[in-house]
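Let's take a friendly walk through a protein model. Keep the picture in view as you read.

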Amino acid sequence: MATTAAPALTFTRVPHPAPAAAEVRAQVLANPGFGTKFSDHMVSIDWTEAEGWHNAQILPYGPIALDPAAAVLHYAQEIFEGLKAYRLADGGIALFRPEANAARFNASARRLAMAEIPETLFVEAVEQLVLADRDWFPTVEGGSLYLRPFMFASEAFLGVRPAKTYRFMVIASPAGNYFKSGSPAVSIWVSDYTRAAPGGTGAAKCGGNYAASLVPTAEAFARGHDQVLFLDAAEHKWIEELGGMNLFFAFDDGSILTPPLSGTILPGITRESLIALAREEGLTVREERYSLDQWRADAASGKLVETFACGTAAVVTPVGKVADHNGEFVIGSGGPGQLTQKLRQRLVAIQRGEAADTHGWVKQIA
């Protein structure tokens, strides 16, 4: 559903009646975890067929009032994004590739027949929230402010059609490490379940995809693993992605492989960034299908030297062990490899303003 072009909107600030006390906020920021604590404010913008985008507000963080017949509750018209704000080396504040998140958000909107939001408005909404809650950056090493833009169908009706009203929102959560195991490399379980099928919504960042991953993820946790791996729906042979991350495979000839974007895999922004950085390092990066059997064989022969996962939340994470009903195998030494560490360090240094940003990825906002 194409969006009604919106003029520049003025954000109305609604005063917070009781923001978090400084000592309470300090306790959170010293040990934020991931995704369980939230900052004082949120952004809300409405869309209707008649008015387009309007009513842009910065509000106190709090519950959302919804009609019981709201379409999102019945037909799952909902999409979201994830990105981070960083404190730079000079004390400034920056976002990493927010325009790419805006573009992917609208691609998801098109797939779910939802209104598209002007990319400039998406980015401004994120900026407004970061600046409003700039005191919520974690004090732990590697901390950041995780941002969650999302949109849902707010129209009250029972009938299978695209809704005619939507609400776009942004919330913020101080973030520390994504994985809790403390292991130098994660362990993954190969699921019997399917995440996405050709022609489905696998390339869209919608809640339904993640809801479908909850049972297999719980199974992986119960077996002592950190994440779940999904194979393709047709042959249950080809590697696609983890529950929320893309995968890369590094070989002894210096090449890297990552599964291609075929409509069933989320087009990760971290994935795209790592491909660019790897090629700058002179590495050959192939976007090709890779089977589980070949992965197992290459790990056993030593041809495969590293595997790593990537995404906004976890950034770059080494994979040390893979298990399924046929047993398990170890990647390299079972710990983080040199290439994984190097690419992670390069990416994080750019994100935090510690290295030159030759791609124009970093958007400083304060």
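Here we look at one helix, then the cores, then a helix pair.

This is a predicted model, where local features need pLDDT of at least 70, side-chain atom pairs count only at pLDDT 80 or more, and totals for chains, interfaces and linings use all residues. Residues are numbered from 1 along each chain as its sequence is written, and side-chain values use heavy atoms, leaving out hydrogens and water.

Start with helix α1 (residues 22-30), whose buried residues are R25, V28 and L29. Buried means under 20% relative accessible area and exposed over 50%, with partly exposed in between (1.4 Å probe, protein chains only). Helices (H or I, at least four residues) and strands (E, at least two) are DSSP runs, numbered from the N terminus. Down the axis of α1, the buried residues fall within an arc of 95°, so they line one face of the helix; the arc uses directions from the helix axis to the C-beta atoms. The face turned away from that buried side carries exposed E23 and Q27.

Next come the nonpolar cores: sets of buried Ala, Val, Leu, Ile, Met, Phe, Trp, Tyr and Cys residues joined through side-chain atoms within 4.5 Å.

| Core | Residues | Among its members |
|---|---|---|
| Largest | 46 residues | I45, W53, V130, L147, M151 and F168 |
| Second, separate | 23 residues | V190, L242, V319 and I331 |

Finally, residues of α7, including L274 and L277, meet residues of α9, among them L343 and L347, where contact means heavy atoms within 4.5 Å.
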